[in-house]
Amino acid sequence: MKLSSLFGKNKTVFSFEVFPPKKDSPVETVYNALAELAAMKPEFISVTYSAGGSGGSGEMTVELASYVKNKLGIETAAHLTCLNSDTNDVRRVLENLSEHGIENILALRGDINPDVPPHNDFSYASDLVSFINNQRFNFGVMGACCPEGHPESEDLIADVKNLKKKVDAGAEVLVSQMFFDNTKFYDFKEMLRLADINVPVSAGIMPVTNKRQFERMIILSGASLPAKFTKTFSRFEDKPEALADAGIAYAIDQIVDLISNGVDGIHLYTMNKPAVARKIMDSVRSLL
Ligand code: FAD
């Protein structure tokens with residue numbers, strides 16, 4: 001089933017994101033996490049892709065997405081990046097996804113790695129979207145968006161103009177980068193409307209549940225951190241349990257507000273932590 005068909009039915013599409021395990025962590029943990037997440041019956045679970053700078057076969061992404069779809073019976077989207085791949089690499093991944101019955105791809109450019117010179121076949125995610133749509137397969141294609149602008153963009157207007165190219169190339173649904181200030185998301189949605197970008201946008205929500213994650217958030221994400229967010233986290237930074245509870249409560253608060261404002265979808269960055277997703281789902285299920 002193409003995931004775009006889930007949207008536009010007057011309800012919020014709730015989805016989860018997981019990542020393949022790091023090389024040094026046991027594979028079983030992600031399978032256990034997936035089983036727990038699937039039991040919460042999200043509309044779909046997406047699996048991230050790590051090109052690893054080598055062209056990347058994405059085998060683990062395909063394996064996990066296949067497990068979600070074929071063993072757990074939940075729809076899935078496989079992420080796929082293109083910057084460090086050539087057309088043959090991408091075609092191989094597409095074949096592999098198709099053979100496993102995976103029907104949806106979140107098409108991404110990938111981050112620039114200064115140590116790895118990119119291939120020249122794809123410069124932007126929109127190139128990948130076009131490429132996928134010009135193959136013999138029939139994938140549903142989604143793309144990423146940044147409510148506060150991509151860090152490499154001159155400004156948000158330039159980024160939205162580029163986003164339009166991605167949607168015109170065939171991205172049927174957009175999934176947003178994490179944000180912590182809902183007003184930024186609402187302003188962004190208004191900009192999309194003015195730019196005639198009319199596809200559904202799922203809001204990316206990241207529950208920040210520990211100090212390391214919080215510090216990374218400040219350094220890495222371009223997302224603005226409202227005073228309510230920073231105050232809460234500074235207050236509880238040395239109390240791990242309280243910090244986790246506060247992070248979950250903040251995410252729930254954001255989600256309630258988004259659903260009340262008619263958001264198309266919520267895409268929860270689960271960080272492979274089903275216990276966190278469970279607490280959030282338990283609090284918002286009746287709203288869905
Ligand atoms: P693009 O849409 O190509 O945009 C990148 C930059 O190029 C932007 O500044 C844009 O304005 C500009 N641009 C786009 N088109 C043009 C054009 N035609 N001309 C000039 N400029 C242009 N990374 C991973 O490695 N693996 C993952 O699994 C993964 N999953 C993600 C999931 C989500 C929901 C999100 C939001 C991000 C994810 N990322 C992932 C990170 C992503 O790869 C980075 O954010 C990357 O830097 C940009 O990817 P993009 O697809 O948004 O790129």
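**Entry 1: the ligand.** I kept in mind that this is a predicted model.

Entry 2: Which of its oxygen contacts could I list? I found a polar side-chain atom of Asp159 at 2.5 Å from an oxygen atom of the ligand. For Lys166, a polar side-chain atom lies 2.8 Å from a ligand oxygen atom. Arg109 takes part through its backbone: a polar backbone atom there is 2.9 Å from an oxygen atom of the ligand.

**Entry 3: helices 3 and 4.** I asked myself at what angle helix 3 and helix 4 pack. For helix 3 (residues 87-99) and helix 4 (residues 125-133) I noted about 55°, with the axes 11 Å apart. That angle makes helix 3 oblique to helix 4. The crossing is right-handed. From helix 3, Thr87, Val90, Arg91 and Leu94 make the contact, and from helix 4, Leu128, Phe131 and Ile132. Sorted by class, I have 5 nonpolar residues, 1 polar and 1 charged.

**Entry 4: helices 1 and 10.** Next I turned to helix 1 (residues 27-39) and helix 10 (residues 274-284), which pack at about 10° with axes 9 Å apart. The angle is under 35 degrees, so helix 1 is roughly parallel to helix 10. Here Ala33, Glu36 and Leu37 of helix 1 meet Pro274, Ala277 and Arg278 of helix 10. I jotted down 4 nonpolar and 2 charged residues for this contact, with no polar ones.

Note on methods:
Residues numbered from 1 in each chain as written. Predicted model: local features only at pLDDT ≥ 70, side-chain atom pairs only at ≥ 80, totals over all residues. Heavy atoms only, no water. Axes fitted to C-alpha atoms, helices over the stretch in contact; angles between N-to-C directions. Helix = DSSP H or I, 4+ residues; strand = E, 2+ residues; numbered from the N terminus. Parallel < 35°, antiparallel > 145°, perpendicular 65-115°, else oblique. Left-handed = near helix turned anticlockwise from the far one by under 90°. Contact = heavy atoms within 4.5 Å. Nonpolar A, V, L, I, M, F, W, Y, C, P; charged D, E, K, R; others polar. Polar contact = N/O pair within 3.5 Å; in protein donor to acceptor, adjacent residues only side chain to side chain.
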